[in-house]
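Welcome! Please take a moment to look over the sequence and the 3D structure, and then read on.

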Amino acid sequence: MRRVGARGFVWGAAAISAVAAPYCAPALSNEVGRRLFEPCRACHALDPASPPMPGPNLFGLIGRTVAGDPKFDYSPVLRSARASGRAWDRPLLEQFLRDPEAMFPGMWMTSRPMPDMAERRALADFLADPKSR
Ligand code: HEC
């Protein structure tokens, strides 16, 4: 096992299990996605009934306009993306996960780039599933 990052999250193991078991990919990638979402839970909820958090609620993200949580006060860069009518789809989400700050310079979210494509896919699968909580 390989530990990377200050919080000791095991990114390496998650990536390996995502690519090593093609026959049970859907269930497994969801489990991997769930694990990858754990650090995000400090700031984001997926339950529409959740009380306010430090970050916007991510329920129903795919198909929603960027900066689309009506209860959240977004940064100027995200508000201008919303004003341009940009909406979240899978390619945009995976590109965002790769390097959030590169897509929205100056956004109010400190997050590490996610260089591994299998991890980005698994996390995007998890976020795109309306049943994920
Ligand atoms: C320390 C708190 C924090 C963490 C941890 C965090 N975020 Fe965020 N996130 C935010 C904030 C704050 C915003 C709004 C940023 C702004 O307004 O510029 C945001 C915005 C977003 C958005 C855009 C939402 C929208 O409504 O358009 C997505 C998607 C997102 N985060 C995903 C993630 C994912 C996935 C992770 C974990 C890999 C994560 N975030 C980790 C605080 C956080």
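A residue is called buried if 20 or more other C-beta atoms lie within 10 Å of its own, exposed if 12 or fewer do, and partly exposed in between, with C-beta atoms placed from the backbone. This is a predicted model, in which local features need pLDDT of at least 70 and side-chain atom pairs count only at pLDDT 80 or more, while totals for chains, interfaces and linings use all residues. Residues are numbered from 1 along each chain as its sequence is written.

Let's compare two residues.

Asparagine 30 sits in helix α2, residues 25–37; helices are DSSP runs of H or I with at least four residues, strands are runs of E with at least two, and both are numbered from the N terminus. Which residues is asparagine 30 in contact with, leaving aside neighbours within four places in sequence? They are Asp125, Phe126 and Asp129, where contact means that the C-beta atoms, placed from the backbone, lie within 7 Å. Phenylalanine 126 is 96 residues away along the chain, yet its C-alpha atom is 5.5 Å from that of asparagine 30.

Alanine 67 belongs to the loop between α2 and α3 (76–83). Although alanine 67 is not a glycine, its phi is positive, about 60°.

Now for the core. The largest nonpolar core has 18 residues, and Val66, Leu78 and Leu127 are among those with the most contacts inside it. Such a core is a set of buried Ala, Val, Leu, Ile, Met, Phe, Trp, Tyr and Cys residues joined through C-beta atoms within 7 Å. Its largest share, five residues, comes from α6.

Technical notes: Contact = placed C-beta atoms within 7 Å.
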